Every structure is written in structure tokens, then in C-alpha cells.
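I opened this entry to record what I looked up in the structure.

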Amino acid sequence: MSKSNLGIYIHVPFCRGKCPYCDFYSLTDESLKGKYVSAVCREIELWGKKIDKTVDTIYFGGGTPSLLSADNIIQILNTVIDNFKISNPEITMEINPADTEFLDFEKLRHFGLNRVSLGAQSMNNSQLKILGRRHNAEDIKKSVNFLKSSGINNISLDIILGVPEQKNEDIEEFVNFCLSNGIPHISAYMLKIEEGTPYYFNKENWKFCSDDELADFYIYACEALKKCGYSHYEISNFAKGGFESKHNLKYWDLDDYLGIGPSAHSLVGGKRFYYEKNLKKFIDNARVEHEKTNLEKEFIMLALRTKWGVTNTKFKQKMGYDLPKTYFEKAKKFEKHGLIECSENRIKINESSFLVSNVIISEII
Ligand code: SF4
């Protein structure tokens, strides 16, 4: 395995309310916030003694990290700094637009926060209601202005595609908002009805779009974003040059990352492990569970989700041996149909085939 720097992911397991489509681990009872922050710092100290790596990305995700105070975030950041070597890190925090004005971003920026991922999801108030979000379009506009006036310009906005009642015009309005506000990064997720969520249990009460309609929204969004100069660098991610998420690139490159918090997953030194989805256990006696991996297949699968595809050069750097010929042979089948590009060194799914990438990838690996 190659030696990479380390990314740290902090899972913040609190939300004011549960959105009906979401299956991320979070609780609406915030009473254990203080104990949670202490447990995160304790775990960072423990891992700092075991992992000798330089941290170059830190990502606060959730849940809703913006329910922590600026002082909580700074306490966690200081603990990372005290326990790991640090090199010019990208530090991202997911923010709910309803919380922006309550956080001291100037202070956070001073302590290193330099990127925000804003859970906008839509600029249409009726769709935001359907999604059970606690913010409206005005909150998104205010948040963007507020972040910029605090000196944070590296902003990513999420949009959900396939929300009941959504139209192409809604997507266009969202993209235009991003363009006119200089937003350099957009994540566009197709609405998936996850088992166990309120949407899943009440499917018949909602007019969800068909798979074909969802595909049309995705294609529409990809084209609209491309026209506005956003590069489609991963199936769900779009960026202006140089604004790709360094932290997320670690996931797709199988670089090392340490996830801390209940439900957080890690990949360090070729080993995958995770904390259980249980806040109390995390606070009282956090232990990680190990899981099996097939790094060769995972590397190929994740690399094929990106615009760069999988290259022999990177594969060899990571795995220590050449990308087996059999993957090239299988990929050739799709090349004939224009779905894939193959060269001696690279297999890459064409952007226009991203929508069917799951099928292509499962055939190749
Ligand atoms: S979508 Fe975000 S805010 Fe909504 S429940 Fe899930 S983690 Fe919480």
C-alpha cells in the first residue's frame, strides 16, 4: 500500500428533526452534546498515539455539525492539531442554512475552517417543505452572503434531484443561483427511497418520480452545470477548476481516512473499521469493529466513478502491482458501444454514461 496523508472525518450525530428521506445516523436529543465532544477529543488523542500520519483534510459531517458551537468545533480542531502532524489542511464543515447566522464563522475561519458544504437541497420552498427541511430559500441566500462576508468563499451546495413536484426549471434556478453567487462546488444527489425512512414507509402518499424521470433530471442537471463551466469530476459532484473536494477525493482514491463518531467509517493502512451507530456506547466505551475489504476491486470501483477513471499508474502506486489485464478485457466490451474509453494505461467511463455506471462497474469488477 502507498503512504498517503490522512483525512479525518468527524461524524456529528445530532439533528433538530429527521428529514423523511435520510438514513444517516443522528438523534434529535441534543442533551449529550458536551459528552460527545469530550468523547471525540478522547478518541482523537488515542488515535494520535497509534497513527503516525500527516493530516491534510478534516471534515465535519453528520448529522448536523452546525448544531455544535464554534467553541466545540475549535476544541476538536485543537485536539487534532495537538495529536497529529498537520499540513495546510482543507477543513470543511457541513452547515444547515437555518443555522448559519448562529455560528461565528470569522472565529472558525481564524481557527482554520476554509470550506463549507451547505445543505441547500433546493431553492424552491414547497420542495424544501416536502423534504422536511427546516430552512427556506431565503436562508440559503442569507447563508451564502454571510459566509462570504466572513471570508469563506470555498462553498459547496447540495441539490437533491427527483423531489416530488420538481421541474427542470427548479434545477435551472438552482444552477443559476450557484453561478451568479460564485459557488465553486455542487453535489447533486438523486433522491433514493432508503429502507427504514419515513418516505419508505409512506411511499404511497408521495408522488415520487419514476427511474426514467429521475434519469432525465440527472441528465438535465449535468448539462446545465456543464454549460455553466462546472466540471463533472465524480458521478454526483461538480466543481470549478481547483475546487474539487480534497477530502472526498481521498474516499475515491482509497487514501487513508479516520472517521470518528458513532457510525463513522475509516480506512487506514488498508484496513477498514467503523464505530457502531450508538452515541451512548461511543461516549462510554467506544470500540471499533473491523470489516472485510477487497481493496483491488474497491479501488477500481471508486476510481471508475470519477472523470479520471482508473489508471495503471495510480493502481500500481496504491496496490504495488499492475492493474490486471482482465479488467481491460472486460472494459473493451463497453468501449465498442461508446460507454467507456480505454487506453494502455487507463479505463474511464464516459461522462455521458455515468448514469449507467453501476451496471458497467459491476460487469468490470
Ligand atoms: S438530511 Fe441532514 S439534517 Fe436531515 S436528518 Fe439527515 S443528517 Fe439530519
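I took axes as lines fitted to C-alpha atoms, for helices over the stretch in contact, with angles running from 0 to 180 degrees between N-to-C directions. The model I examined is predicted.

**Helix packing.** I looked up helix α6 (residues 168-180) and helix α8 (residues 211-227): their axes come within 10 Å and cross at roughly 30°. Because angles under 35 degrees count as roughly parallel, I recorded α6 as roughly parallel to α8. I noted the crossing of α6 and α8 as right-handed. On the α6 side I listed Asn168, Ile171, Glu172 and Val175, which meet Phe217, Tyr220, Ala221, Ala224 and Leu225 of α8. By class, this contact of α6 with α8 comprises seven nonpolar, one polar and one charged residues.

**Backbone geometry.** I next turned to phi, since most residues other than glycine have a negative value. Asn88, in strand β3 (residues 85-95), has a positive phi near 40°. Gln121, in strand β4 (residues 115-121), also has a positive phi, near 75°. Gly63 lies in the loop between β2 (54-62) and α2 (70-83).

**Ligand shell.** Gly62 and Gly63 are among the residues I listed around the ligand, together with Cys15, Lys18, Cys19, Cys22, Phe24, Ser26, Thr64, Asn96 and Gly119. By class, I recorded four nonpolar, six polar and one charged residues in this shell.

Conventions: Residues are numbered from 1 along each chain as its sequence is written. This is a predicted model: local features need pLDDT of at least 70, side-chain atom pairs count only at pLDDT 80 or more; totals for chains, interfaces and linings use all residues. A residue is near a molecule or strand if its C-beta atom, placed from the backbone, lies within 6 Å of it. Ala, Val, Leu, Ile, Met, Phe, Trp, Tyr, Cys and Pro count as nonpolar, Asp, Glu, Lys and Arg as charged, and the others, Gly among them, as polar. Helices (H or I, at least four residues) and strands (E, at least two) are DSSP runs, numbered from the N terminus. Angles under 35 degrees count as roughly parallel, over 145 as roughly antiparallel, 65 to 115 as roughly perpendicular and the rest as oblique. A crossing is left-handed if the near helix is turned anticlockwise from the far one by less than a right angle, and right-handed if clockwise. Two residues are in contact if their C-beta atoms, placed from the backbone, lie within 7 Å.
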